[in-house]
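This briefing covers a few selected sites in the structure shown below. The notes are grouped by topic.

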Amino acid sequence: MFCFKCGEKNQDQAHYCSACGAAFNTAAHELATQGYGGFWYRTIAFMIDNIMIGLANTILLVALFWGWIADSEGLGSDTVMLFETWAYLLNILLTWLYFTVFEASLWQATPGKWILGLKVIDAHGERLGMGRANARFWGKLLSCLVLGIGFFMVAFTRKKQGLHDMLARTYVLKVNNS
């Protein structure tokens, strides 16, 4: 298991970190048996999540705006622009809720992460609260703004953290879903 304070690899049955002496709680002990979730696992999970968000967004748009969609030939450019604005805002809202609520849920993961056996935890090995999950989500904007380097950091940092993980003090672990 990995220590959540210093990142040192310890024996799975250890109760204290051999490097820094930090006490392991039960949640940390159960979760950290396989190590951190790496770049490719997280990338594939992100792709799965984006497909799911895209499907949900399309279904919601059709359900909410069917009248506009059915009469699209008779719509003026102002109405089309209004529809596009609503679609964009709905996508932002849906994406924010998807990542924040799922990562703060009992799953501790979005469906894409869950399928691949990944879980998001805080620095103590516990489930994220809504505040920390929210900070992690909005931190992804900063990871994007620096030309995506914040995401590529996952491949090169010892604890496999992206910039958004470091800002929110979170970790993504590869665990068994059994």
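Glu103 lies in helix H3, which spans residues 77-104. The model is predicted. The points below take up Glu103, then Leu128 in the loop between strand S1 and H5, and then a nonpolar surface patch.

Glu103
- Glu103 has a relative accessible area of 1%, and it is therefore classed as buried, the limit being under 20%.
- Beyond its neighbours within four places in sequence, Glu103 contacts Gln108, Ala109, Thr110, Lys113, Val120, Leu128, Arg136 and Lys140.

Leu128
- The loop that holds Leu128 runs between strand S1 (118-122) and H5.
- Leu128 is buried because its relative accessibility is 2%.
- Leu128 and Glu103 are 25 residues apart along the chain, and their C-alpha atoms are separated by 6.8 Å.
- With residues up to four places away in sequence left out, Leu128 touches Glu103, Ala104, Val120, Ile121, Asp122, Ala133, Arg136 and Thr170.

Nonpolar surface patch
- Leu82, Trp86, Tyr88, Leu89, Ile92, Trp138 and Leu141 make a nonpolar surface patch of about 730 Å².
- At least two residues of the nonpolar patch come from each of H3 and helix H5 (130-145).
- The most is given by H3, which supplies five residues.
- Leu141, one of the patch residues, is located in helix H5.
- The relative accessible area of Leu141 is 46%, so Leu141 counts as partly exposed, between the limits of 20% and 50%.

Key. Residues are numbered from 1 along each chain as its sequence is written. This is a predicted model: local features need pLDDT of at least 70, side-chain atom pairs count only at pLDDT 80 or more; totals for chains, interfaces and linings use all residues. Side-chain values use heavy atoms; hydrogens and water are left out. Helices (H or I, at least four residues) and strands (E, at least two) are DSSP runs, numbered from the N terminus. Buried means under 20% relative accessible area, exposed over 50%, partly exposed in between (1.4 Å probe, protein chains only). Contact means heavy atoms within 4.5 Å. Patches are made of residues with over 30% relative accessible area and no salt bridge: like charges are joined within 9 Å, nonpolar side chains (Val, Leu, Ile, Met, Phe, Trp, Tyr) within 5 Å. Accessible areas come from the Shrake-Rupley method with a 1.4 Å probe; for residues, only the protein chains shown count as cover. A salt bridge is a side-chain nitrogen of Lys or Arg within 4 Å of a carboxyl oxygen of Asp or Glu.
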